[in-house]
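Please keep the sequence and the coordinates at hand while reading.

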Amino acid sequence: MGRRREGLSVAREIDGLEEKLARCRQTVEEVDLKLRREKLSPEGRKSLERERNLLMTKADNYEKELSALHKENRKNAALAVAVGLLIALMYACWTM
C-alpha cells in the first residue's frame with residue numbers, strides 16, 4: 001500500500017488501480033469459465049485453480065490499496081476546503 005509513485009496524483013493512481021482491478025476481475029471470470037466449461041486434466045485444473053487463487057489475492061490487494069487511496073483522497077479534499085475557507089476568511093478580514 002505504501003508504494004506511491006512520485007509525480008502521480010492520487011486521482012490518477014485511483015484510476016490506474018481501478019483499471020488493473022477491472023482487468024484482474026475479468027481474467028478471474030475467464031478462468032472460472034474455463035474451469036466450468038472445459039474438460040481439464042487434473043494437472044490443468046490445479047494449474048487454473050492456482051492461477052485463480054493468485055488473481056483473487058491480487059484483486060484483494062488492489063481493493064485494499066484502493067481503499068487507502070480513497071481515504072487519502074478524502075483527506076486531500078478536506079484540506080483543500082479548509083485552505084479555501086481560510087483564504088476566504090483572510091480576504092473578508094482584510095477587506096473590512
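Two salt bridges are counted in this predicted model. Side chains of opposite charge can pair when their charged atoms come close. One of the pairs is arginine 25 with glutamate 63, whose closest N and O atoms are 2.3 Å apart. This pair links distant parts of the chain, since arginine 25 sits in helix α1 and glutamate 63 in helix α2, 38 residues apart. Arginine 25 has a relative accessible area of 41% and is therefore partly exposed. Glutamate 63, at 33% relative accessibility, is partly exposed as well.

A salt bridge also joins the side chains of aspartate 32 and arginine 52, with 2.5 Å from N to O. Aspartate 32 belongs to helix α1 and arginine 52 to helix α2, so this pair ties together parts that are 20 residues apart in sequence. Is aspartate 32 buried or exposed? Its relative accessibility is 19%, and the cut-off for buried is under 20%, so aspartate 32 counts as buried. Arginine 52, with a relative accessible area of 27%, is partly exposed.

Aspartate 32 is one of several buried residues in α1. The list also includes Val10, Glu13, Ile14, Leu17, Leu21, Cys24, Val28, Val31 and Leu35. Helix α2 is part of what covers them.

How does the span of helix α1 agree with its number of residues? The helix covers residues 10-37, and its 28 residues should span 40 Å at 1.5 Å a residue.

Helix α2 runs over residues 42-95 and contains isoleucine 87. That residue is exposed, because its relative accessible area is 52% and the cut-off for exposed is over 50%. Together with Leu79 and Val83, Ile87 forms a nonpolar patch on the surface, with about 280 Å² of accessible area.

The remaining values concern the whole chain. The protein has two helices and zero strands. Its C-alpha atoms fill a box of roughly 80 × 20 × 15 Å along the principal axes. The radius of gyration is 22 Å, whereas a compact globule of 96 residues would have one near 12 Å. Buried residues make up 18% of the 96 residues. The protein exposes about 7700 Å², of which carbon and sulfur atoms supply 57%. Among contacts between residues at least 6 apart in sequence, 69% join residues at least 24 apart.

Key:
Residues are numbered from 1 along each chain as its sequence is written. This is a predicted model: local features need pLDDT of at least 70, side-chain atom pairs count only at pLDDT 80 or more; totals for chains, interfaces and linings use all residues. Side-chain values use heavy atoms; hydrogens and water are left out. Patches are made of residues with over 30% relative accessible area and no salt bridge: like charges are joined within 9 Å, nonpolar side chains (Val, Leu, Ile, Met, Phe, Trp, Tyr) within 5 Å. Accessible areas come from the Shrake-Rupley method with a 1.4 Å probe; for residues, only the protein chains shown count as cover. A salt bridge is a side-chain nitrogen of Lys or Arg within 4 Å of a carboxyl oxygen of Asp or Glu. Helices (H or I, at least four residues) and strands (E, at least two) are DSSP runs, numbered from the N terminus. Buried means under 20% relative accessible area, exposed over 50%, partly exposed in between (1.4 Å probe, protein chains only). The radius of gyration is taken over C-alpha atoms; the globule rule is 2.2 Å times the number of residues to the power 0.38. Contact means heavy atoms within 4.5 Å. The expected span of a helix is 1.5 Å times one less than its number of residues.
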